[in-house]
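I set out each point as I looked it up.

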Amino acid sequence: MEQRTSRLRVVFLATSVLLTGTTAITACSGKTAPSSDASATDAGSSGTVTVGCPTTPPWTRTTANGAKNPCTKEGQVCEYGSDFEPSCNTIVQCSSGEWGIPLFGAGGGKACGSPAPKPTENPADCPATRASLTEGAACNGSSTCAYDGAVCTCGTFCPQYPVSRPTCDADAGITENCCDRSKPPTWSCFEGAPDCTSPRPRVGDPCKDGDECGLAPPGECGQRKLQCKAGTWQLYEPQCPISTARAKTDIAYVGPGEAARVRDELLRVRLATYRYKAGDPSPHLGFVIEDMPAGSPAVLASRDRVDLYGYVSMAVATIQEQQKQIDRLDAELARMKRECR
């Protein structure tokens, strides 16, 4: 059976942070090789500084005139801190000859200070290994079984991402797919990369392309993990926005005037093709943050990263506004046809 993650992944929202480094890491062992860079710090045993980086975070030092700290290795990424969760550490990147602001701060909503995840003991009815479990096969009970790089559950799987199934309503005849509770339970699995060991690879260190390890268990939206792309470890964040009202406050629905303003802003976006200075050398299509107006929903408040959820929501508002215009034109066309008859 096709892996659940491959069926549910939305390519448009897939994203990763472009990161580079100067020391080889093999697979997910966390072992580092000595670096010849004069500024390198041998932190392979403690895992506190990416090898090849300044010994202290560059964002804490300023030049004599207060300007940003200069750097010479374009695209160099440095991670500072010993937390297993990358967003709990300080990660900076050399861009255009200057150290940029940290990519993360205060965990980004993740729990900090926790040790590396440890395998939990599976319920007694779980197969001993992932290889001995067949996805889609009938099972008994409702157990969730965790394996290295996979999570399998016995039950009736009901997809919620990217488009959730309709709520069961027998009177309306909605009883298909996951709504049909009369079907026997089966195994459903989310596949991913094997768990990262501790100490884990450092974000920005060189590695072997194709290697990856998981920072969290795989799920319906994908898996938080470290990937080796273009010779460096990169952090991959699955894009699965939290849309439930239970996680939000100050909810205010967009009115007609605001929706029209959002549509106008989206229509003015200047699309461009470009290549990143570091990392993936292939051409990309998108917009440049400096071209976007202040306060744009498509840009984070720090003005250093794109808010993909906001950008997509702008597209939704534009589609809704254009549909209203289409409906008005259809009504006008129908009226004119009636008059002609």
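By about how much of a helix are E265 and R261 separated in helix α2? I found that the two residues are four apart in α2 (residues 256-267), so about one helical turn separates them.

Before going on, I noted that the model is predicted, that local features need pLDDT of at least 70, that side-chain atom pairs count only at pLDDT 80 or more, and that totals for chains, interfaces and linings use all residues. I also noted that residues are numbered from 1 along each chain as its sequence is written, and that side-chain values use heavy atoms, with hydrogens and water left out.

Entry 1: E265 and R261 form a salt bridge, with their closest N and O atoms 3.4 Å apart. I took a salt bridge to be a side-chain nitrogen of Lys or Arg within 4 Å of a carboxyl oxygen of Asp or Glu. Helices (H or I, at least four residues) and strands (E, at least two) are DSSP runs, numbered from the N terminus. E265 counts as buried because its relative accessibility is 6%, whereas R261, at 38%, counts as partly exposed. For these words I used relative accessible area: buried is under 20%, exposed is over 50%, and partly exposed lies in between (1.4 Å probe, protein chains only).

**Entry 2: the pair in α3.** I next looked up E332 and R335, whose salt bridge has its closest N and O atoms 2.3 Å apart. They are three residues apart in helix α3 (residues 308-340), so about one helical turn lies between them. Both count as partly exposed, E332 at 33% relative accessibility and R335 at 31%.

**Entry 3: a network.** Salt bridges with shared partners join E79, R200 and R202 into one network. Within it, the side chains of E79 and R202 meet at 3.9 Å, N to O. E79 lies in strand β1 (residues 77-80) and R202 in the loop between β6 (186-191) and β7 (212-214), so the pair ties together parts 123 residues apart in sequence. E79 and R202 are both buried. The structure holds twelve salt bridges.

**Entry 4: two strands.** Which residues of strand β4 make up its covered face? I found C145 and Y147 there, with T144 and A146 on the uncovered face. Strand β4 runs antiparallel to β5 (residues 150-155), and four bridges join them; two strands pair if DSSP finds at least two bridges between them. T144 has T153 as its bridge partner in β5. The two strands form a hairpin with two residues between them, and G149 in the turn has a positive phi of about 95 degrees.
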